[in-house]
Amino acid sequence: MAETGTVTIKNGKIEFVKFGKGEKPFVILPGLSYDGFFDKADEIERAYAIFLKKFTVYLIDRNLTPKTRYSVKDMADDTAETLNKLNVHHADMFGVSLGGMVAQQLATNYPNLVNKLVLGSTLSRPNDTFLKTLTQWEDLAKNGDIKSLISHINKKIYSGYTLKKYAAVFSALKTDVTSEKTERFIAYINAAKNFDTYNSLNKIKAETLIIGAANDKVTTAYAIREISEKLNCKYHEYKKYGHAVFDEAAGYKKRVYDFLTE
């Protein structure tokens, strides 16, 4: 059974999920989501079953009470404080989407916390597609239309095949809508909109694997390709998937595992 917990930091509280019994720490930094991850802890553990013997896995969420003008650097600072309180150091790290932005900042500003680095479906600086998409999500959130927001997110990140196959599952999902969650979601969006670490990428010294998707409609394939070019690191691109390739492609997690254990 996955363990869930909350760490109190100087600027608020951060929730985490922990599972696995391996000696090596493996930190997952998730993408933007309206809901948290506590209710999905066991499902996440099953999805990462391949890691359970060699790794102790930590999924670290973001600050539950982000301050005004919260930034991705602030997210990285909060995550670093959380990892230190959990006594997690020199961990292999996997960041997707917004989590990939946080991972870039951690690898740049807290190199002692990062061993190997995997970045998926992310970017190092905003582009027009990304800004347009986030603005649409922000407008829906501000208008309180969370049902349309989640529907729009799903259509942007998943392939048509997945949307069709799991249509009944998606329609049956219930979301607990609160003003706190909505305000938090908007704060995260604004942080992502103002993120730019492109000119600092050369400070990342961790061995890195980049994974993109040709049909990414959120951050775009170009955005993640330019990270791999700047870092001159290992890169793999899935041709038939979009932004949520990390959930859809059957071999994705095995690819991450192989990189971390080679």
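Leaving aside neighbours within four places in sequence, T197 is in contact with Q104 and S124, contact meaning heavy atoms within 4.5 Å. T197 is found in the loop between helix α8 (179-193) and strand β7. At 3% relative accessibility, T197 counts as buried; buried means under 20% relative accessible area, exposed over 50%, and partly exposed in between, with a 1.4 Å probe and protein chains only. Helices (H or I, at least four residues) and strands (E, at least two) are DSSP runs, numbered from the N terminus.

The model is predicted, so that local features need pLDDT of at least 70 and side-chain atom pairs count only at pLDDT 80 or more, while totals for chains, interfaces and linings use all residues. Residues are numbered from 1 along each chain as its sequence is written, and side-chain values use heavy atoms, with hydrogens and water left out.

The secondary structure of the protein chain comes to 11 helices and 8 strands. Its radius of gyration is 17 Å, close to the 18 Å that the globule rule gives for 262 residues, so the chain is as compact as a globular protein of that length. The radius is taken over C-alpha atoms, and the rule is 2.2 Å times the number of residues to the power 0.38. The C-alpha trace spans about 45 × 40 × 35 Å along its principal axes. Of the 262 residues, 53% are buried. Among contacts with a separation of 6 or more, 77% are accounted for by residues 24 or more positions apart. The chain exposes about 12600 Å², of which carbon and sulfur atoms supply 49%; accessible areas come from the Shrake-Rupley method with a 1.4 Å probe, and for residues only the protein chains shown count as cover.

The 8 strands form an open sheet with mixed pairing, in the order β1-β2-β4-β3-β5-β6-β7-β8. At its edges are β1 (3-9) and β8 (234-238), each of which pairs on one side only. From one strand to the next the twist averages 20 degrees. Two strands pair if DSSP finds at least two bridges between them. Strands of a sheet pair through backbone hydrogen bonds, either parallel or antiparallel.

Strand β5 (residues 91-96) pairs with β6 (residues 114-120) in the parallel sense over 5 bridges, and M93 stands opposite L117 in β6. Helix α2 (residues 72-85) packs on the sheet, where it touches β1, β2 (12-19), β3 (24-29), β4 (55-60) and β5; its direction makes about 115 degrees with that of β1. Helix α3 (residues 98-109) lies across β3, β5 and β6 and runs at about 140 degrees to β5. Axes are lines fitted to C-alpha atoms, for helices over the stretch in contact, and angles run from 0 to 180 degrees between N-to-C directions.

The pairing of β6 with β7 is parallel over 4 bridges, with L119 opposite I210 in β7. Strand β7 also pairs with β8 in the parallel sense, over 5 bridges, and here I211 stands opposite H236. Strand β7 is mostly covered, 6 of its 6 residues being buried. T208, I210 and G212 lie on one side, and L209, I211 and A213 on the other.

In helix α9 (residues 221-231), the residues A221, A223, I224, E226, I227, S228 and L231 are buried. Their cover includes α3, β6, β7 (208-213) and β8. N232, in the loop between α9 and β8, has a positive phi near 55 degrees. At 70% relative accessibility, N232 counts as exposed. S97, in the loop between β5 and α3, likewise has a positive phi near 55 degrees in a residue other than glycine. S97 counts as buried, at 9% relative accessibility. Most residues other than glycine have a negative phi.

T56 is placed in strand β4 and, at 12% relative accessibility, counts as buried. Its side chain reaches the backbone oxygen of G22 at 2.7 Å. A polar contact is a pair of N or O atoms within 3.5 Å; within protein, one must be able to donate a hydrogen and the other to accept it, and residues adjacent in sequence count only if both atoms are side-chain atoms. Not counting residues up to four places away in sequence, T56 touches K18, F19, G20, K21, G22, K24, P25 and F26.
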